[in-house]
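Q: I would like to learn how to read the features of a protein model, one at a time. Could you take me through them, with the general idea placed before each case?

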Amino acid sequence: MTDSDVSIARATGFSECAIALRRALTTTPAGWLLAVWFCWDRVPSTAIFLWLGTAAALWGGSLLVLQQMIARGPKLELHRKRFHWIAGLDGLAWGLLTWFLIGHDPVLDAVLMALLCGVTSINAQVYGTYVSAYFGQIGVLWGVSVLGLMLVTGSQSAIDYAAGLSLFIALTAYYTRAISRRLLEGIRLLHANASLASQLRSALQKVELDAATDALTGQWNRRALDDFLKHQKTFSILMLDIDFFKRINDEFGHLVGDDVLRAFAQRLREFLRSGDFCARFGGEEFIVVLPETTLATAQEVAERIRKGVAELPLLHKPKVQATVSIGVATMAQGQSINALFAAADAAVYLAKNAGRNQVRSHVETVLPLQVSAV
Ligand SMILES: Nc1nc2c(ncn2[C@@H]2O[C@H](COP(=O)(O)OP(=O)(O)OP(=O)(O)O)[C@@H](O)[C@H]2O)c(=O)[nH]1
């Protein structure tokens, strides 16, 4: 578990709390209606409307600010202060209830105390993922309501109510803190798991890519070629074999030979379309698969490649000029992939025997007649 997991969990907890508070604030008027319903005929209507007006003004302002904050994306480091203000005003609106509505009827007082306890409990859920704002909210609710009880009523029952409310709020705050820790731990674990899963996914993708790629040239390897061919129906292949490659190694060394292989693979790609597939078959041999391509077109492509390799040096320092012999073969109905490779190989053999730097096709060899019978 890293520090960044912890701070991401805190930030997520904050933004979840902001969204939960918006949901809770939109249902707050239902709580007021309940209070008004209890108070109707028991409390002077001016007191009821004064409290309702004050609460509505505080509520409307808070909701507006909260809405703007959420629209911009609630951010702990930016909106922390504003959010604590909103929570405090929410607590103030409820706390003022004792200033306006208490002291008119003993039964009603008890019911309103229960209502304040209910508000405290509900808000424990609302602020669960950002508990410091909860402490602000219930702190203000507690302070204002206890002050109201003392100043407005000042009776023995007011002291009892204040004591009861204080105990209830203190216990709720204590347990909410513990639950909030577990909630944040859950968010932290979720985040850590998600980032671990994404790391594993990208590591797996890299391993899969490495397993299908030739390390030297960056082209696909034999395994990837076999996989690709499994999904092809009508296609032609070019088998390319660099001429006298041993001489290049002997003259310039193996490292230069490697550079030549890389440069050759690069040159090859310049002549291919995006849907064509190029793989290193082994040593200085490459295979190009041309999907949906007839023999005649494949021969044209092969000829372009042959010329393109021969006309410019593959390396400039040291200057290495090379040529390539190419065998072309087209997949026939019912033919196996190995038979196709054998046909292309026979065509390469023909090109080499004809003096190299040539393109030959499998129809010029005797092999297709044998393989088509396989
Ligand atoms: N530098 C380097 N050389 C390689 C690599 N793989 C194979 N070779 C060399 O490629 C050479 C292939 O030689 P040959 O099969 O005799 O063919 P060639 O010299 O190209 O002659 P022809 O194909 O008949 O024109 C061998 O010397 C191999 O050692 C490689 O990855 N890097």
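A: Let us begin with a term that the rest relies on: helices, of at least four residues, and strands, of at least two, are DSSP runs, numbered from the N terminus. The model is predicted, and the protein in it has 13 helices and 7 strands.

Q: With that numbering in hand, in which loop does proline 318 lie, and which residue does a cis peptide bond join to proline 318?
A: Most residues other than glycine have a negative phi, and most peptide bonds are trans. Proline 318 lies in the loop between strand 4 (315-316) and strand 5 (319-320), and the cis peptide bond joins lysine 317 to proline 318, with omega at about -5 degrees.

Q: Which residue in the loop between strand 1 and helix 9 has a positive phi although it is not a glycine?
A: That residue is phenylalanine 244, found in the loop between strand 1 and helix 9, where its phi is about 45 degrees. Phenylalanine 244 is partly exposed, with 14 other C-beta atoms within 10 Å. Asparagine 357 also has a positive phi, of about 50 degrees, although it is not a glycine; its place is in the loop between helix 12 (337-353) and strand 7 (359-361), and asparagine 357 is partly exposed, with 17 other C-beta atoms within 10 Å.

Q: How should I read the packing of two helices, and at what angle do helix 5 and helix 6 pack?
A: Two packed helices are described by the angle between their axes and the distance between the axes. Helix 5 (residues 106-126) and helix 6 (residues 131-153) pack at an angle of about 170 degrees, and their axes are 10 Å apart. Angles over 145 degrees count as roughly antiparallel, so helix 5 is roughly antiparallel to helix 6. On the side of helix 5 the contact is made by Leu116, Thr120, Asn123 and Ala124, and on the side of helix 6 by Tyr134, Gln137, Ile138, Leu141 and Ser145. By class, the residues of this contact divide into 5 nonpolar, 4 polar and no charged.

Q: How many residues does the largest nonpolar core have, and which helix gives the largest share of this core?
A: In soluble globular proteins, nonpolar side chains tend to be buried together. Here the largest nonpolar core has 43 residues, and those with the most contacts inside it are Leu97, Leu101, Leu116, Tyr127 and Leu165. Among the elements that give two or more residues to this core are helix 1 (3-39), helix 2 (45-72) and helix 7 (156-212), while the largest share, 9 residues, comes from helix 6. Leucine 116 touches Trp94, Leu97, Leu141, Ser145 and Leu165, if residues up to four places away in sequence are not counted. A second, separate core of 42 residues includes Ile237, Phe264, Val289 and Val359. Of the 374 residues of the protein, 34% count as buried.

Q: Which residues come nearest to the ligand, and how do the residues of the shell around the ligand divide by class?
A: Of the 16 residues around the ligand, those that come nearest are Asp243, Phe245, Lys246, Gly257 and Gly283. The residues of this shell divide into 5 nonpolar, 4 polar and 7 charged. Strand 1 (235-242), helix 9 (245-252) and helix 10 (254-269) each supply at least two residues of the shell, and the largest share, 4 residues, comes from helix 10.

Methods
Residues are numbered from 1 along each chain as its sequence is written. This is a predicted model: local features need pLDDT of at least 70, side-chain atom pairs count only at pLDDT 80 or more; totals for chains, interfaces and linings use all residues. A residue is near a molecule or strand if its C-beta atom, placed from the backbone, lies within 6 Å of it. Ala, Val, Leu, Ile, Met, Phe, Trp, Tyr, Cys and Pro count as nonpolar, Asp, Glu, Lys and Arg as charged, and the others, Gly among them, as polar. Axes are lines fitted to C-alpha atoms, for helices over the stretch in contact, and angles run from 0 to 180 degrees between N-to-C directions. Angles under 35 degrees count as roughly parallel, over 145 as roughly antiparallel, 65 to 115 as roughly perpendicular and the rest as oblique. Two residues are in contact if their C-beta atoms, placed from the backbone, lie within 7 Å. A residue is buried if 20 or more other C-beta atoms lie within 10 Å of its own, exposed if 12 or fewer, and partly exposed in between; C-beta atoms are placed from the backbone. A nonpolar core is a set of buried Ala, Val, Leu, Ile, Met, Phe, Trp, Tyr and Cys residues joined through C-beta atoms within 7 Å.
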